[in-house]
Every structure is written in structure tokens, then in C-alpha cells.
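This report was prepared to accompany a structure and its sequence. Please read it with both in view.

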Number of protein chains: 2
Amino acid sequence: ALAEIHPADIAQIISGLSPEERKGFFGKLDLEMAAETLHELEPEVQADLISDMDKEQAADVIERMPPDEAADVIADLPLEKAQEILGLIEKEEAQDIHELLGHEEDTAGGLMTNEYLAYPPGITLAETLERFRKEAEEIEAVYYMYVVEEEKLLGVIGLRDLILEDPSKSLGEVMHTKLITIRADANQEQVAELISKYNLLALPVVDDENCLLGIVTVDDVVDLLLPPASRRRRRRM
Amino acid sequence: ALAEIHPADIAQIISGLSPEERKGFFGKLDLEMAAETLHELEPEVQADLISDMDKEQAADVIERMPPDEAADVIADLPLEKAQEILGLIEKEEAQDIHELLGHEEDTAGGLMTNEYLAYPPGITLAETLERFRKEAEEIEAVYYMYVVEEEKLLGVIGLRDLILEDPSKSLGEVMHTKLITIRADANQEQVAELISKYNLLALPVVDDENCLLGIVTVDDVVDLLLPPASRRRRRRM
């Protein structure tokens, strides 16, 4: 069945179809698979497919995408359509997407997602694990957890350390504090440079007050450097 | 102190020094830091620095590198020097490096490391966690654990699932079995394509019998696409 095929392969199949065939094929995907596939397609194909769906259905699909991918799709729709769909999306998710739409596409802010795990420094690793078990399921990329107090970024801890360190220690005791960060208005070449130089899986984006705004993940940088085949025609890099 | 600076920054400083200054500066680093810094330098600088050290000291540094990085350094040394140093390295580590040296540099085999975590399908997640706690400390990149029986690759599990799933379940029950793999003689462009297309953190390299030979990690692909500043001059891509 279609569920057995990887979304990246489905996107490649869709890219080879005529606009009419695409519509029929995409309509047969369940919502999860449609959401995962959409990100892999060229922006103009995304916009066509979404425009052809009814608004409620389009909102259902976009709601299931990570907010950074959803924002990329929304940004390519005609303004009216975009606003209609945003109005139908669950409030918190719509808010996340709206925030991301405020950043220029080719900046760190334009690449980042605002879906990440952040915890206060005072809780123990045992408590962190418990919260992680509740919250990690829904999040796309959980390579690191961020330690944040009054919105300010204090440190970071990886999943390996979360497993290896003594669970009675506090996050503040075990977190790494030598952080590589980037500002939201930095360009995407600077993002790629930092992720490459320091071998990072994710790079935190902060404002002038060192408040955490989001993270850029390494797969987005790989896509910048080597866009997927189905999207290659439109990309500039 | 020097230990406060990231190895990638130390490499950048070293790249800006004269050969004489380099030697003095590199000699002041402790063995761990020297090992981490070496990988970030241009191949010719690596070879110069290693050639200037006495053999025992060079072997101590190389022993501390992940085997794929150690193999890259060894491959650029004069044959005699390379063999002397390999002879002084702990047997198991030297064996790992020797195996990697058998692959062409610009293939999946040339990019892979043979340092990864692999477990049989019959053990529980609780047992896996226990083994992980013993073995993960020394390994550079533990994004996934591989499930292997009689050397054959059966499945993969990420750290997130290891934490989230019921610890009484077996690895065989929770592992992902739809695997993306590559052959050791595939070229590095094919490696980059697969890692990009399927958003992987690591790609398993297998032989014709589907036996696991090693893994290529996403940071190596980023380095291929965007070599670090200190190595940029020499690289072909």
C-alpha cells in the first residue's frame, strides 16, 4: 500500500505526473502522508495541490506539518487563500506558523522551526526524561534539548547525555554551556558554515537578548546545499 | 585555557600559522584536543604535524581519533611512517583503521566509520539501555543503534524510540525495518543524495550479503558539500 512507501519517494512519483494526475494521486494519501509528502515537492506544485483542495482539508494537512515546513507552503499561497487556511488551523499551531512567516526566507529565521524542547535548569534529569516522554512524540527533530530560564538560552543537552548521566543531577549541572548560536537575521550561508564547522545537528537561533527563538536542523542545511531531486528545479542554491 | 576553545577554532588558528609555529602550538595541546583538532586541518598540514612528532606520540594522538578520521590521516602519510604508526596503535583500533584503508576515498566505504552500536534483535530495550550506557561514551556519533543478527542488518532504532518505547519490548519488536542502505563501492554523490532525500543522520553501508560494514554520518556529507574553512583549499568538491 501507499503507506509502505517513503514520503520522499511519493514526492518523486508526484513530480513526474501531470497536474490532473497529481490531484487524484495526492487526494488518495491519508493526512499524515500528505503532510509529509508536501514538504518534498517544488513550491509551485505545493501551491497547486493546496489550492485544489477545499479549505478545511488543506488546513488539516498543513496542521500536521512541522511549523517551518507549513510556513514555507503558506508563504507560497495567494494571500487570501493563506489567510483563510490559517484561520482554520488550531490556534497555537497557527501562531507558530505566523511567527515564522515574519522572517525573510533566506535567513536563519526563515530556516528555523519554533518546535523544540526547552526545560528550566532546576529540574532533574529524571524529571526531564519524564517530560521528554510526554512531549517528544510529536516533535520532528529531537537531537538536543535546550535549557532556558526566563526565555534566555543557558545551555544544551543531547539525548546521549540524558541517558548516560546520573538521573538525580539537575539539567543545570550537566548542560553544555559553550553554545554556538546565530541571530535570526543572519543569512543562510552563515547558518551552513556554523553547522558544518562545529558538526552540529541543530543550531539555536537567538535574539539580541539571547532569548531562544527557534532552531535550524542539519537536514535543512543539507537541503540547502543539495536540494531533493523533486525540488531541484526551483531552488536558487 | 586552550581546553576552553572548540577544536574547529584551534584548527583555524593553526591554519594561519607558519609551519614552525604550528609545530610548537600543536605540541602544547593535550592528546584528546590534538586528536579532535587534527581532523579539521588540511591533509598536508596533518601529514606535516604527524611527521614532526615522534612515533609513539603520533600513535597516541591517532588512537584517540574516530577510526574514519584516523584512516584519513594515515592515508596521507608516507607508507613507511604509516606502517610504523599503525604498528604502535592498539590492535583492535589498528584493525578498524586497516579495514577502512581498503576503500577508495571517494566512495561510501571511504567515508564510513566502522565504529557504531549494533545489538541482536532478541534483547529487550532495558538490556539495550544498559549496554548503551557502557558503550556509548566512547563513540563519536550515536544517533541510531543497528539491529544485527549473524552480521546481517535487520533494523534500526533511534535514541528517541529507545527512551519512548516500553523497556520490556525486544529490539526486534520496535526496530524500523524499512532501511535505506548503500553499498561500499557507491560514490560519495550517491551517499549525499540518499542522506538528503531521506533526511538521515547516518546511512548504513552494507555488502552484497546485507552485512553491516559501517555507517556514513550526516556531518561527513555536510563537509563534502561545504568543507570547513581550514580544509577548503585542498578539497575537490
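The sections below treat conventions, chain symmetry, domains, helix packing and the sheets.

## Basis of the model

This is a predicted model, in which local features need pLDDT of at least 70, side-chain atom pairs count only at pLDDT 80 or more, and totals for chains, interfaces and linings use all residues; side-chain values use heavy atoms, with hydrogens and water left out. Residues are numbered from 1 along each chain as its sequence is written, while chains are lettered from A and ligands numbered from 1 in the order in which they are written.

## Relation of the chains

Chain B is superposed on chain A by a rotation of 180 degrees with 0.0 Å of shift along its axis, at an RMSD of 0.0 Å. This is the relation of a two-fold axis. The superposition is by least squares on the C-alpha atoms of residues with pLDDT of at least 70 in both copies.

Of the interface residues of chain B, 100% are also interface residues in chain A, so the copies meet through the same surface.

## Domains of chain A

The domain assignment divides chain A into domain 1 (2-101) and domain 2 (118-223), with bounds that come from an automatic or database domain assignment. Taken over C-alpha atoms, the centres of these two domains of chain A are separated by 28 Å.

## Helix packing in chain A

Helices (H or I, at least four residues) and strands (E, at least two) are DSSP runs numbered from the N terminus. In chain A, helix α1 (residues 7-15) packs against helix α2 (residues 19-27) at an angle of about 155 degrees, and their axes lie 9 Å apart. Axes are lines fitted to C-alpha atoms, for helices over the stretch in contact, and angles run from 0 to 180 degrees between N-to-C directions. α1(A) and α2(A) are therefore roughly antiparallel to each other, a term for angles over 145 degrees.

From α1(A), I10(A), I13(A), I14(A) and S15(A) meet R22(A), F25(A) and F26(A) of α2(A), where contact means heavy atoms within 4.5 Å. By class, this contact comprises five nonpolar, one polar and one charged residues.

## The sheets

In chain A, three strands form an open sheet of mixed pairing in the order β1-β2-β3. Its edges are β1 (118-119) and β3 (152-158) of chain A, each with a single partner strand, so one side of each is left without a neighbour in the sheet. Strands pair if DSSP finds at least two bridges between them. β1(A) and strand β2 (residues 144-149) of chain A run parallel and are joined by two bridges; Y119(A) has V147(A) in β2(A) as its bridge partner.

Chain B likewise has three strands in an open, mixed sheet ordered β1-β2-β3. There, Y119(B) stands opposite V147(B) in β2(B).

Technical notes:
Parallel < 35°, antiparallel > 145°, perpendicular 65-115°, else oblique. Nonpolar A, V, L, I, M, F, W, Y, C, P; charged D, E, K, R; others polar.
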